[in-house]
Amino acid sequence: GPACGGRCGSGAATSFTLTSNFSSAPKCNTGPDGTDHGSWTKEGDRVDLAEQSLLNKLIRRSLVWNRNRVEVLQRDPVSPLFSVKTFEELRLVPELLKGVYSMGFNRPSRIQESALPMMLAQPLQNLIAQSQSGTGKTAAFCLAMLSHVKPANMWPQCLCVSPTYELALQIGQVVEQMGKFCPDVKLAYGVRGNRMERGVKLQEQIVIGTPGTILDWCTKYKLIDPKKISMFVLDEADVMIATQGHRDQSIRIHRLLTKNCQMLLFSATFEDSVWKFAETIVPDANIIRLKREEETLDTIKQFYVVCKDEQEKFTALCNLYASLTIAQAMIFCHTRKMAAWLTTNLSKEGHQVALLSGELTVEQRAAVIERYRNGKEKVLVTTNVCSRGIDVEQVTLVVNFDLPVDMEGNADSETYLHRIGRAGRFGRRGFAVNMVDSQQNRKIKQLDTNNLEEVELLMS
Ligand SMILES: Nc1ncnc2c1ncn2[C@@H]1O[C@H](COP(=O)(O)OP(=O)(O)OP(=O)(O)O)[C@@H](O)[C@H]1O
């Protein structure tokens with residue numbers, strides 16, 4: 001295996017093996033550790049990557065390959081980006097069509113083509129929709145909100161709730177870009193730090209925010225009249241209704257709304273129990289649901305790196321560093337403490353990295369994301385705070401420094417899918433490298449190859 005060449009500071013020439021699943025296989029119930037409690041990915045074939053240069057090479061090739069990829073995929077009926085219709089046929093108003101084209105979109109994706117007619121139909125219909133990460137859900141419900149509002153009515157009509165501050169800002173940016181030819185439609189951000197005067201009703205037609213602030217704005221501050229909300233969007237709906245704090249607030253907001261308010265729930269993942277719960281709170285919903293085997297994107301290739309402890313993971317990461325910076329990368333840690341430790345140590349090695357974790361103020365967090373989005377830093381170390389939704393086109397590689405686990409320490413396959421979905425946006429090729437503790441008992445089929453050609457063949 002590769003030595004760190006002194007670059008990692010530990011001085012130890014730790015060897016490691018990258019193993020990968022080359023199949024376009026979905027997540028399944030037996031994973032790298034052979035456990036059966038819903039693990040992260042499929043058991044992989046083993047490949048010795050004697051040099052990091054193989055991953056380097058694969059990433060470089062994929063960047064070239066990405067160039068015309070979207071158009072090819074949009075003509076492929078098995079791709080989630082495929083559509084029969086054009087944006088014109090989706091009956092968007094001319095201002096919105098202009099907005100969509102100005103963002104460089106040529107054709108809708110599958111979820112956009114199927115969800116938009118349901119969301120725009122009269123009488124209003126509820127919808128629970130699932131589509132893989134990076135396939136255009138956000139764009140779909142932003143178009144629905146912009147189509148739905150009556151600009152002449154100067155009060156909030158659409159409410160969109162998402163789990164994090166960053167995500168709320170990002171959704172707002174999509175609304176602003178798409179709606180730039182609809183000057184009369186205004187947007188307010190219901191997020192922490194956005195101070196408002198009590199009792200002065202908002203005039204913006206669309207409000208996007210996090211659940212706590214939105215609830216305060218509807219109740220304590222009386223900035224929004226929830227009875228006048230006619231479209232309610234729950235982004236990352238599974239986490240919004242399954243995790244405790246979010247659930248209580250989301251349900252309280254939901255109770256303030258009228259029966260006629262249109263409910264739209266979106267996510268890339270819905271556990272079975274969450275799906276059932278969603279159906280009980282959203283009556284008579286249209287349903288768009290993925291089959292199990294469709295949940296993983298086969299454009300994202302997944303590898304394992306076998307490490308015995310943190311230090312070895314760190315060494316492996318240093319060995320991979322050149323690959324991280326070819327495009328952009330995100331590194332996920334389990335705790336804030338680990339993320340901070342990793343950032344400090346990577347910096348000591350002379351690597352320029354950004355850290356985004358929950359302890360920063362919201363302004364600091366927004367600034368970190370903005371710098372990363374603009375490519376000022378190529379590598380972002382983070383925790384689950386960034387696992388969902390964040391859309392940075394350039395992200396090609398996701399590293400799970402720690403694999404995601406739930407409160408009981410079981411594999412959290414939903415979070416895993418969201419994390420790796422930060423790479424490979426809208427049909428681009430992405431890579432995930434998972435650092436797996438060697439004490440985990442993995443069953444990996446050995447594949448005898450040091451041969452780049454063969455590996456590439458398997459990847460294609
Ligand atoms: N029809 C389209 N044509 C081209 N690009 C698109 C289209 N729709 C969306 N995109 C782009 O694809 C990327 C992913 O879209 P979006 O963020 O809406 O995905 P998502 O399904 O909400 O992802 P996630 O599950 O991670 O939240 C964005 O950069 C967006 O601008």
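Student: Where does the shell around the ligand lie?
Tutor: Domain 1 (11-290) and domain 2 (300-454) both give residues to that shell, so it lies between them. The domain bounds come from an automatic or database domain assignment.
Student: What kind of model is this?
Tutor: It is a predicted model: local features need pLDDT of at least 70, side-chain atom pairs count only at pLDDT 80 or more, and totals for chains, interfaces and linings use all residues. Residues are numbered from 1 along each chain as its sequence is written.
Student: How many residues surround the ligand?
Tutor: 20 residues do, and the closest include Phe-105, Lys-137 and Phe-426. A residue counts if its C-beta atom, placed from the backbone, lies within 6 Å of the molecule.
Student: Which helix gives the most to the shell?
Tutor: Helix α5 (residues 137-148), with three residues. Helices are DSSP runs of H or I, at least four residues, and strands are runs of E, at least two, numbered from the N terminus.
Student: Is α5 covered or exposed?
Tutor: Mostly covered: 11 of its 12 residues are buried. Lys-137 and His-148 are among them. Buried takes 20 or more other C-beta atoms within 10 Å of the residue's own, with C-beta atoms placed from the backbone.
Student: New topic. Which strands pair with β15?
Tutor: Strand β10 (residues 300-307) runs parallel to β15, joined by eight bridges. Strand β14 (residues 395-400) also pairs with β15 in the parallel sense, over four bridges. Pairing needs at least two DSSP bridges between two strands.
Student: What stands opposite Gly-430 in β15?
Tutor: Ile-300 does.
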